[in-house]
Structure formats: structure tokens, C-alpha cells
Amino acid sequence: MTIKIIFCNIVGMHIVENRSADKKGKKIYHSILLRESYRENGKVKKRTIANLSNCTPEEIAAMKLALKHKENLAELGSIKDSIELQEGLSVGAVYTVYQVAKSLGIEKVLGSGVEGKLALWQVIARVIDQGSRLSAVRLAQSHAACDVLDIRVGFDENSLYDNLHWLAQNQEEIEKNLFTLRRGQNKPRLFLYDVTSSYLEGDKNHFGAYGYNRDGKKGKKQIVIGLLCDEYGEPVSTEVFSGNTQDPQTFASQVRKVAECFGCTEVTFVGDRGMIKSMQIEDLPEGFHYITAITKPQIESLLKKGVIQLGLFEEQVCEAQEDQVRYVLRRNPVRVKEIERSRFSKYETIGKFVEKKNRYLLDHPRAKVLTGIKEVTKKMVSLKVAKWLNVKAQDRVLSLEKNEEALKEESFLDGCYAIKTDLSKETADSQMVHDRYKDLIEVEMAFRDCKTGNLEVRPVFVRTENSTRGHVLVVMLAYMIIRKLRQLWAKFDLTVEEGLNQLSTLCSIEVMVKDHGSCLKIPRPRAKSQELLKALDIKMPLVLPHREVNVVTRKKLTQQRK
């Protein structure tokens with residue numbers, strides 16, 4: 001038996017008390033919900049905005065009063081003896097990101113416990129404003145984090161650092177549950193995998209080591225990050241490796257993860273030419289296949305053996321086969337033009353350098369010509385043109401000389417690439433193999449966002465193993481939200497960052513009822529904010545319970561300034 005009493009019969013949003021008994025009628029369950037009525041396809045439906053069961057009677061009374069006067073806040077201000085209004089916290093951005101996280105299943109897999117809510121706040125804070133755990137605490141002081149996420153315990157930056165350990169220890173379960181929630185029994189048959197590196201400012205990080213630095217930061221230690229995505233480019237797992245780990249060494253753990261953790265049996269891995277090599281291919285379990293590319297020397301080797309011919313490299317994809325291995329070939333005309341322009345630009349740069357050296361030799365009669373030749377040669381080696389470009393001297397004048405034969409040999413494979421796979425033609429034709437390899441751009445876009453775009457995995461403000469793993473997991477979950485926002489806001493002439501800044505301007509009004517607690521009254525959003533919310537199918541609640549939670553920082557700027 002269930003009894004429903006509508007406390008506040010307001011069109012659109014109202015507070016409802018539910019009392020229900022168990023089957024034996026011995027135990028009564030009591031809940032209070034903030035609900036909203038809306039129309040969908042001509043039918044009136046209701047949805048729950050917030051569970052108010054743990055709110056005090058005073059807080060419920062304050063929200064009832066705010067709902068009663070929702071159309072005219074001036075009436076609240078006129079009740080001077082019992083009502084006080086003041087500026088509340090920013091609510092637009094945090095509520096929006098929270099709803100997107102909820103729709104993606106992130107809230108569910110993190111759980112409703114204290115650690116799960118703190119982890120969710122770290123993800124939301126990373127989306128709204130990138131920074132350290134300290135900055136996430138400061139953000140919670142100006143945004144309605146505790147009110148929206150129903151966080152009932154106070155926290156500081158140390159709480160968030162400890163929470164990173166919790167995330168790292170539960171990462172496998174979180175990723176597995178999120179994967180299952182999204183895919184169910186419809187398991188993907190294709191995974192995209194790539195790695196990147198992120199440099200460190202300090203040298204105390206557990207994973208920090210010197211290695212191949214993709215960021216161009218010489219002399220800095222780094223960490224290596226692997227990202228595994230499904231066929232749509234949606235992240236499913238991330239992993240942190242030591243900074244000196246080579247790409248192929250990260251591959252085996254991804255295969256085990258897909259087979260054992262995600263339970264996939266028929267899988268094709270897509271990785272670039274430096275990722276999936278002969279040893280990795282040999283170690284693939286039964287039912288696992290690969291799509292990768294081969295290097296220029298490997299292409300030349302196949303040409304010499306007669307497996308492929310240069311004429312097969314056309315704008316349209318062609319195919320050759322050796323034993324059970326298929327090679328999908330193509331020449332990209334756009335890339336050919338890019339390489340030609342780059343080569344010509346380097347030639348001009350060397351030419352200007354030679355002119356500079358000639359002027360120096362002319363102005364300094366005692367200067368050695370041999371020294372000038374060595375400097376020009378060093379410049380040619382650094383620009384990788386020494387194979388087809390020579391420098392010579394006559395009467396103390398330097399000049400450049402092209403080796404046309406060498407230049408022809410250097411450029412005959414311009415724009416050519418070959419994709420290698422063991423998939424049968426019945427499973428995937430040439431064009432499909434080509435297109436699936438090109439899908440790796442989805443992972444590259446994810447890395448670009450995580451490293452230099454909205455999320456800024458750098459700088460890494462953590463040192464321990466668990467803290468680093470937890471930090472990177474937070475960035476991956478935040479990227480899922482950013483990706484969703486970008487897709488749904490694609491029609492607007494703004495970036496995700498600009499959209500969130502717009503929503504951050506939507507602030508609540510704190511309604512304090514004398515002797516009856518307080519709540520957050522949310523005003524009507526501006527037109528631009530309404531457009532952004534409508535694109536996400538999000539409607540802001542009229543009122544939220546206000547949690548008097550103590551969120552503080554242990555580090556004080558005033559102390560650091562002394």
C-alpha cells in the first residue's frame with residue numbers, strides 16, 4: 001500500500017511524500033521527493049529531481065516556501081521578518097555536468113558512497129576548471145557541488161588526494177561496470193588503442209622516467225599513458241606506464257584486459273605501426289585479429305620481393321596479399337603536396353643559411369671555408385635533406401647542389417602507406433580495413449583534449465603510484481563528458497569551455513527562513529543558457545536543498561604570501 005501526499009501542488013514542480021508498507025504490512029517506508037511534471041509526446045509524465053528524505057523539516061519548509069513564490073521572488077523579500085535572501089552559489093555548470101555524467105553512467109558506477117561522490121566531484125571539477133586537488137576544493141566553495149551531488153560530509157584537498165587512491169584501487173571494477181552498463185551483451189568487436197606521453201615538472205613521480213618525449217620537452221621526465229577506446233572512439237580504459245616504456249610493451253596488458261576483464265572473444269585491435277609489431281601479433285590469442293600499418297623500409301622490402309607494385313599506390317585503395325596477410329595500399333595526394341611543400345621550404349631555409357655564411361666569409365677574409373661547409377652540412381642533417389642536397393665551395397663562395405637521382409629515390413613513396421591485417425575479405429573488405437585504421441584519429445583527438453585542450457592532464461601534481469593512476473582515470477572520465485558536450489553543442493558557435501563559462505553565470509538565490517533552515521532557489525536561465533540546456537535535454541530544478549557542508553582548504557594563500 002502506498003499513500004502519496006502532495007505538499008506543494010505547483011504546476012511543473014512539487015514536493016511529494018511517499019509512505020509504503022512491506023508485504024506483511026509491518027514496516028513503513030518513508031521518502032520525500034522533489035518531482036517535476038512534464039509533457040512528452042502529448043502525455044503528462046513525472047520525474048524525480050532530488051531525494052529530500054534526509055533533509056530536515058526546516059529545509060523542507062524552506063523549499064516549499066520557495067516553490068510557492070517561484071514566479072515572484074519579490075514576495076519572498078517582502079516577508080522581512082521571516083525570510084532573508086542572499087546571493088547563492090553558482091549552480092548552472094555543476095548541475096549540467098552532473099546530469100551528463102549521470103546519463104553516461106559515471107555516477108552509477110562510482111557509487112553513492114562518500115568516496116564515490118568525492119570521485120564524481122573530482123571528475124566534474126576537472127571538466128569545469130582544470131587544476132590540482134586544492135583548486136577543486138576552492139571550486140566547491142563557489143559552486144553548488146555539495147547541494148547538487150548530495151555530499152553531506154566536509155572535505156579538503158587531503159580528502160581528494162586520498163580519494164585518488166580509492167579510484168586507483170577500484171579502477172578495474174569501475175571500468176568494467178561502466179563498460180557493461182554501456183554495452184551490455186553487445187560487446188564491441190573492434191578496439192582502438194594508442195599511447196602518449198606527458199612530461200613532468202618534478203622528478204619524484206613514481207612513473208617518472210626519461211624516454212621518447214612526444215611533447216618536445218628535452219631533459220624532463222615523463223609518464224606514458226595508454227588509452228583503449230571502442231569502435232566509436234568512446235574511452236573504455238586507461239593505464240599508466242613508466243616514462244621509458246616502449247609502445248609495444250604496453251600492448252599485451254590491453255589484450256588481457258579485453259579478454260579477461262571485458263569478456264570479449266572475437267576482437268580486432270587497431271594500432272599504429274609502432275604499436276603492433278611481429279611479436280605482438282604472434283602473442284595474440286585465438287579469435288583476436290589486428291589492423292596496423294607498416295613502415296617505409298617494410299614497404300620497400302615488399303616492393304623488392306614483388307609482393308606489391310608501386311603502381312598499386314593510387315588515390316583509391318588497392319590490395320595485395322601474402323599468405324594470410326593482407327596489405328591495403330593507398331597514396332594520399334594531399335599528403336604528397338604537403339611533403340613537396342615541406343621539402344621546398346627546407347631547401348629555401350638552407351639556401352638562406354648559405355647566403356648568410358657567404359656574407360660572413362666575404363666580411364671575414366681569415367674565416368675558414370671548411371668551417372662554413374661543416375655548419376651548412378650540420379643544418380642539412382638536422383632538416384633531413386642531406387640525402388639529396390650537397391654543399392660545395394668555389395673561390396670562397398658556398399653553393400647548394402641537388403642530387404636529382406637521390407631526390408627521386410627519396411620522394412618515390414611520398415604519400416604512400418600500407419595497412420596490414422589478418423582479417424579475411426569476408427569479414428572486412430579493403431575500404432573497411434582502411435577506414436577502421438583511420439579511426440585511430442579518435443584516440444588522437446582524445447589525447448589532444450586530455451593534454452592541451454579542455455582537460456589538461458598536465459601539470460601532474462601527484463607523485464605516488466595510486467595518485468597518478470587515479471588522476472589519469474579522472475581525466476578519462478572527464479573526457480567522456482567533454483566529448484558528449486561537444487557532440488550535443490556542435491551547432492553552437494562556441495567551445496565547450498565557453499559553454500560551461502556561460503552556464504557558470506547561472507547562480508542560485510539562497511532563501512533563509514527564520515528558524516526553518518535554507519534552500520537554493522534557482523532563477524530562470526538567460527536565453528543563451530536555455531539554448532545550451534535544451535540541446536542537452538536538461539531542465540534546471542526550481543529549488544535545491546542547501547547543504548551546510550564545511551569545505552575548506554588546508555593551505556591558505558595568506559600564509560604563503562608571508
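**Entry 1. The sheet.** I began with an open sheet of four strands, which follow the order β5-β16-β17-β18 with antiparallel pairing. The model I am reading is a predicted one. I then asked which strands stand at the edges. They are β5 (83-90) and β18 (543-545); each has a single partner strand, so one side of each is left without a neighbour in the sheet. From one strand to the next, I noted a twist that averages 30 degrees.

Entry 2. I next looked up how β16 and β17 are joined. Strand β16 covers residues 507-513 and strand β17 covers residues 518-521; the two run antiparallel and are joined by four bridges. For I509 I looked for the bridge partner in β17 and found K521.

**Entry 3. The nonpolar cores.** I turned to the largest nonpolar core, which holds 93 residues. Which of its residues touch the most other members? I recorded W121, F155 and I481. The element that gives the most to this core is helix α18 (residues 465-488), with twelve residues. Another core lies apart from it and has 35 residues, among them L228, M275, F313 and C416.

**Entry 4. The surroundings of W121.** I listed the contacts of W121, leaving out residues up to four places away in sequence. W121 touches V94, A136, L139, A140, H143, A145, L149, I151 and F155.

**Entry 5. The largest pocket.** I looked up the volume of the largest pocket and found about 1000 Å³. The lining of this pocket is made of 31 residues, and the closest to its centre are R273, R335, I339, G415 and C416. I also noted the elements that give two or more residues to the lining: α12 (296-305), α13 (333-363), β15 (416-421), α16 (430-438) and α17 (441-452). Which element gives the most to the lining? I found that α13 does, with six residues.

**Entry 6. The position of D247.** I located D247 in the loop between β8 (235-242) and α10 (251-261). Is D247 buried or exposed? Its relative accessible area is 17%; buried means under 20%, so D247 counts as buried. Not counting residues up to four places away in sequence, I found that D247 touches V195, R214, G274 and M275.

Notes: Residues numbered from 1 in each chain as written. Predicted model: local features only at pLDDT ≥ 70, side-chain atom pairs only at ≥ 80, totals over all residues. Heavy atoms only, no water. Buried < 20%, exposed > 50% of the residue type's maximum accessible area, 1.4 Å probe, protein only. Contact = heavy atoms within 4.5 Å. Pairing = 2+ DSSP bridges. Axes fitted to C-alpha atoms, helices over the stretch in contact; angles between N-to-C directions. Core = buried A, V, L, I, M, F, W, Y, C linked by side-chain atoms within 4.5 Å. 1 Å grid on protein atoms, 1.4 Å probe; cavity = no way out; pocket = protein on both sides within 12 Å on 5 of 7 lines; lining within 4 Å. Points joined across faces, edges and corners; volume = space filled by probe spheres on them.
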